[in-house]
Every structure is written in structure tokens, then in C-alpha cells.
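The sequence and the structure are shown first.

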Amino acid sequence: MSESVIQRLDDTRNGPESLKVEADSEIEMPLAPLHPDQITTDSLKKLQSTNERRVLDVVDKLRRIGLNGTIELPQLVITEIPFPRKAGLCTRFATEIVLRRQPTSSVTIKINASKSRSSKERKKLSTFTWTVIDLSELPLIVEDATAAMGLGKIGQSAAFSRDILSIEICGPDRPQLTLVDLPGLIHSATKASTEADKDLIFGLVQEYMQNPRTIILAVVSVKNDAANQIILSLFKKMDPKGSRTLGIITKPDCLSADDEQSWLDLAMNKEVFLQRGWHVVKNRSEGEMQYTFAQRNTAEDAFFAQGQFKDLTRTNVGIETLRDRLSNLLHRHLVQELPALKQELKTTLRETTEQLDSLGDRRETPQEQKMLLTTISQKVNIILRDAINGSYVDPFFDDVELDEPTTVGRNVRRFRALVQDLNSRFAENMRLRGHKYVTPSSQINEEPAPPSSPVSEDDSDDEDDSDDEDEEDEEGEEDNREVEAEAVSAKHHDNDLPEPEILTDEEYLNWVRKVMLRCRGRELPGSVNPEVTSHLFWEQSRPWKALAEDHVEQVRSMVKYFIQQVLEHVAPAEFKKPLEELVVNVVLDDTLGDGQEELRKLLQDKARHPSTYNHYYTDNVQKRRQQKYEAFVRDARQAATSGTGHLDHGRFKTEMNKSVSRDMEVFSAEETLESAKAYYKDEMKYFIHAVTKQVIERCMIEPLISRILSPTGVQAMTDEEVSFIAAEPPENMAHRAFLEERKQMLEKGEEIFRGAMGGVKRSRSRAFGV
């Protein structure tokens, strides 16, 4: 705009109009020194009634604590179209005129740097601060501010700037009012202003106008054709309903007879409809520049009392009625917006608090970092202890998915249930898949093996699908725990575990005979070399190693998955990688190594010659022989019994003699096989117990409580290790500072609202005589 906001309201020669800076750097100086108290005219005082001041005080206090950059505050923005007809430009940046009620009078000028500037430029511009008591100094300071923004001579430097010149005028009689003077919109590029300048001003004006709480004063001059004035189309875009725009027509004394009717139609709200309507004011002419306020107002009244302008509603013409109109408009607008503003403030405060909470405790110093890490370690230790002991009281263990396996999603958090399930599956796999050979007769009493996949008990039997899932899962990212769990599950699917080779009873016995032949020593016929049982057991238990290693790997994967969920629940997200690198992976590698070493020892024990002191072995051998003898007697009795039920003792004796094998090799093979089976069962039970207790529990589960981020372990860490884990990233520190500052402003805003509401309540109480 070529004229200031305050001048637009007061039209005073000795006021801020004297601050106008022309593009050719000529500054119109006031004729005499001007004290800041002179800036508060009767016109400005009349602009605000007592009620209006009370409402404006609320918005002003919110603006003063800096909330105008956090929530959209109600404001009044004046836009003026006419581009200066001189060779240069007038307003080259936004000017914020802030009137503040303070005990002492002063004027403070500063530059609010644009956010688009670099931090170095913003820091430099922040040093531009002036405090004066004589307004005659303002023009020179404004010229210095123009240079500080990098705006030199037109055509040789940037024509406009997105920086804001803030002029704060304080005094005991000031109204609480903030006005913004924006550069006039440019119709087309010239030598003085480029397309970039045109876009810059358009964007700057648009930023202010698009705020839904902004009242737009769309100022148009009759010196330019209304159809060519950009502001008419711009405010239609920003305010389609015209609910927050008041149109102001200036310089009506410059109208030609041909254009008079079209401008009258606009003033009567016929051409461009606005809910707030239009207003017409007459500026001082060239010959009236020395008029006093009273003379200026008299001349304006005389102008609107003649010609076609006399037909306009009196409340829609003249500076006096405009002041009253603006006063009422501003008050109604603020009263209407304050409830929504209060709600937005509360919502923003809640969101800001939640964001601050998500950042966790402050951790800038080593002491703060170790304190936070110790607190986290205590929480981790409690959860680990409860999870391993099967005490699921903490909220961490909530939201169990009952229809899913123990190894999926949040079910992993109930870690003891998961380990028990994996151990049970291992025991079942040992029973059904632990032997290399099996006969149909031995499968009669065996139940079908349940799926051992830790992902889903409803896995498809389609081998092709399983293979495809395996490949896709293994290509998943390590940080995606769901994908990792699925990959582990697919990897350990039943189809990947060893399956027994089915032999007939004859083939099975023949295998034993072959082993016996290969192991013969100096034993007599019918006797068996003791090493035969060893070789039979070693061969038959060959799958144990693969099954046990598979179980160890499953447990290790589930432990890692479980620890990840614990850390995710307790620690900030940025702790995850350093904790895994410095603590978790080290501990898991150690426990895995300990478990594998313990398993290696168990397998070494298994590779020794069989020995047992468990009566279970002899009981089984005796029991099997008795069952075999009873079967012989039953078959002989059945063959020697006639249809009438008479038992032929001779026939019975003959049948019994047939059951006694005359082939000593077959007899020895059968006896050896029974012995090997009995020992296999005895040793299998021991192996299952040893793997689950010694390998899994002792080596892989129990150490987690004392080694995964224990409080004592944290205290033993060096400052470098603590910093590696808990140091707050610079971007987080900057974000925290920003959020804390914003929260502080919002909390002050709440206090301002509470104080304002208390004042309103007290006023109402007094009105009712309470």
C-alpha cells in the first residue's frame, strides 16, 4: 500500500503518513519534532469502546506472548490496489504498526526476518533494533531498515522483501491495536518490478488474507478501473462468501462522469456483493493537505451531500462512520472468534504436550542421560522378570490375540507362555521326528504331529506357497519385526524338519541284522557285541542334532523379537539401534554361543557308548519280553482251542515250540532291537530335559534378567557408552526447545483466557447486584 493503516483511519498529515517511503528514497519528514503521545488521536481513542478494549486486550496479550505464530489470531488486514504512479515504488515490505498501552511513551522499531532467510541472515537482522522518543527520527530509521533488508535503488536490487518492519508505539493512552500495512498488488511486471516481485507480493498478501480469522479491508481507488483491480478477484478466492471482507472505496472526488454510475453500483453492493458491504471515504486533495481534522471532515461531509453520492446511506460514507463501523465490526468479529480461538489453543496445547511427552525426559548432560537410562533399565528389568516368570500384570502384557499363535504380534510379550509352547513343540518333534527309521506297527499308537510352525497353527499344506513365503520373508528388512517373525516361522516350517524313513518290520529287522554283522567280534553264537546297541542308537538318533539346533534358533529369534518389543514399549525410538548394537546383540550373541556350546556338550555325551542307571531301561526290556511271551502264549492257545472251546494240550505244546526261533541270528537281532528301543526312549527323555533346562533355560533365558540393560549394568557404563545410547540428537533438542517454548506460550494463553473469563463473570455479577 502507498499509505499507512493509521493514516487510512485518521488521514492525519502529522501522523504515520509522514513515514511514507517513496521508491526514489525521498522521505517526507515531519515539519517539527513529534512526541509519541501525539500519535494517539481522539479518532483512535473513539475506535475502541470499553467492551471492545476488553476483548482486544485478550487478543493483544495472546499476540504479545508470541502465539500469533502458533494459532491463527484475529487480525485486520488492509489491502490497497493502486500502484504508485511515480517512477518508483512506495511500500516495499509489510509494516506492522503495533499500538500498546504502557505506563511510559516510546517507539520501538525492529525487523522480523522472513523464515525463508538463512539462520545467519535472521541473526543479523535481529540486531536491527531502535528505540526513539521523537517520531521525527522514524523516516531515517525506516530508510536504514530498507537498506538492512537488502532493498537498494529500484532496478539495481530486490524491489520487495518478505521481512516485516515492526513499529511498536507504546503509551498510557494507546489503544490495544495491531494493524498490518501490506505492499500494493502489482498488475504487471515493469523495469522496477519483476514477475518474481509480483509473485512475492501476491503470496505475502495471500498469507495474511487466507487466515479465516482475518478481517479484510479491501481498499480500491476510483482512479483505476474496478475491473482491473486484482483485489476484487483475490478476496473472492480467500473469502468466497464475503463474510469477513469490508470494501472501501477511496478518492471518489476523482471520478469522471462516465464512470460515476458503475462506482455507485459498487458502493451500493450491487456489483460485488459483500456481507459486510462497502464504504466510501474522501481523502484530502492536493489543495487540502494542510487542513485540520475538523476542516478535513467538513470538506468530506460537503462532498457526500451533493451529486449522486447524497443518495448513499449515510452510515456507508465518511471517515467518522467508517470508524464506528470498523469498531463494531472488529468487536463482533472478536467476540465470535474467541470461543473457537480458545478451543484451538487448548487443542494445540494438548498436542504440544503429547509431542513433548513422546520425546521423553531431557537428556543433555551425562547425568541426565544416565538417570534416564537407569530409569529405563529398571522398567526393562521389571518387565523381563515378569515375562520370564509368567506374571502378566503390567499393561505391557495386555491385548493378547487369542486366535493367533504365541509367536505372533503382542502374544510374544507373554514370553514364558511362548517359551513353554516352543519347548512343548520341541518335545513333540523329538517324539515324532527324532528317530531315523519307523515301522507302520510303531506308528499305530502315535498321534499325528501338530504343526510346529511358530507363526500359525492354520498354515497351508501347499508346499509351493510355503516356499514362496519363505523366500519373500527372508528378503524382508531386519527392522520389521513382523516380517522377521514370519521369516523365522517359515524357515522352521514342518517341511524343513527331518522326517522318519518308513520301513516294514522285516526291513527294520534286516537293518539291525546288518549292523550286527558289521559289528561282530569274538562273541559266541546268539550273543551280541555291546557296541551294536551303540551303533543302532547313534544311527537312530541322528535327527536329534538338527531338531535341537532348530529349537535353539527359534528360541533365539523369539528372544530377539521379544526384547525389541520391550525396548519399543519402554525406551524412546532413537534408543533402539544403539541399545541393540551396544547391549542386546552382544548379550544375545553370548547367550546363543553359550547355548550352542552346551548343546555341543550334550551331543558329545550322546556320542559316547550307551550307559544308563535308570531302571526305566530294564523295566522296558522286561516289559517288552513279557509282552512278546504273552503274545506267543495267546497265539498258541488260540491255535490249540477247538470250536467247542476244548484246549488240546498236545497241540498247544507244539505251537509253543514253533514260536521259539531256531535262527539264533534272528533271535539275537530281535533282542538287540528291543534293547536299543528301550535305551532310545530313556535317552530321548533325558535329552529333551537337558536341552530345555540346560540349553534354553540356563543359557539363553535366565541371563536376560541380569544382562539386558540391568540397573547395575547401566551404572558400570562409561559416560561415552551412556552418551552413545542416550544422547539426544541435535534435531530432537531443537524440536524440544521449540515445543517447550510453544507450550509455555500456550499455557500463558490459557491463563489469559481464564483471567478474561473471570473479569467477565465479575462484571456480570456486579450488573446483577451480586
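The model discussed here is predicted.

**Helix 6 and helix 7**

Helix 6 (residues 195–209) packs against helix 7 (residues 230–238) at an angle of about 40°, and their axes are 10 Å apart. The two helices are therefore oblique to each other. Their crossing is right-handed. On the helix 6 side the contact is made by Phe202, Val205, Gln206 and Met209, which meet Ile231, Leu234, Phe235, Lys237 and Met238 of helix 7.

**Overall content**

The protein has 26 helices and eleven strands. Of its 770 residues, 49% count as buried. Among contacts with a separation of 6 or more, 80% join residues 24 or more positions apart.

**Helix 11 and helix 18**

The crossing of helix 11 and helix 18 is right-handed. As a general point, an α-helix has 3.6 residues a turn, so residues three or four places apart point the same way.

How far apart are the end C-alpha atoms of helix 18? Helix 18 covers residues 544–570, and at 1.5 Å a residue its 27 residues should span 39 Å; the end C-alpha atoms are 39 Å apart, which agrees. Of those 27 residues, 21 are buried, so helix 18 is largely enclosed by the rest of the structure.

**Helix 17**

Helix 17 (residues 531–540) is also largely enclosed by the rest of the structure, because seven of its ten residues are buried. The buried residues of helix 17 are Val532, Thr533, Ser534, Leu536, Phe537, Glu539 and Gln540.

**Individual residues**

Buried means under 20% and exposed means over 50%.

| Residue | Relative accessible area | Class |
|---|---|---|
| Asparagine 381 | 13% | buried |
| Cysteine 519 | 12% | buried |
| Cysteine 699 | 10% | buried |
| Lysine 653 | 58% | exposed |

Asparagine 381 is found in helix 11. Which residues does asparagine 381 contact, leaving aside its neighbours within four places in sequence? They are Ile705, Ser710 and Pro711. For isoleucine 705, the C-alpha atom is 6.1 Å from that of asparagine 381, although the two residues are 324 residues apart along the chain. At 13% relative accessible area, asparagine 381 falls under the 20% cut-off and so is buried.

Lysine 653 lies in helix 21 (residues 649–659). Is lysine 653 buried or exposed? Its relative accessible area of 58% is over the 50% cut-off, so lysine 653 is exposed. Alanine 636 is 17 residues from lysine 653 in sequence, and their C-alpha atoms are 7.9 Å apart in space.

Cysteine 519 is buried at 12% relative accessibility, and cysteine 699 is buried at 10%. The structure holds zero disulfides.

Terms used. Residues are numbered from 1 along each chain as its sequence is written. This is a predicted model: local features need pLDDT of at least 70, side-chain atom pairs count only at pLDDT 80 or more; totals for chains, interfaces and linings use all residues. Side-chain values use heavy atoms; hydrogens and water are left out. Helices (H or I, at least four residues) and strands (E, at least two) are DSSP runs, numbered from the N terminus. The expected span of a helix is 1.5 Å times one less than its number of residues. Buried means under 20% relative accessible area, exposed over 50%, partly exposed in between (1.4 Å probe, protein chains only). A disulfide is a pair of cysteine sulfur atoms within 2.5 Å. A crossing is left-handed if the near helix is turned anticlockwise from the far one by less than a right angle, and right-handed if clockwise. Contact means heavy atoms within 4.5 Å. Axes are lines fitted to C-alpha atoms, for helices over the stretch in contact, and angles run from 0 to 180 degrees between N-to-C directions. Angles under 35 degrees count as roughly parallel, over 145 as roughly antiparallel, 65 to 115 as roughly perpendicular and the rest as oblique.
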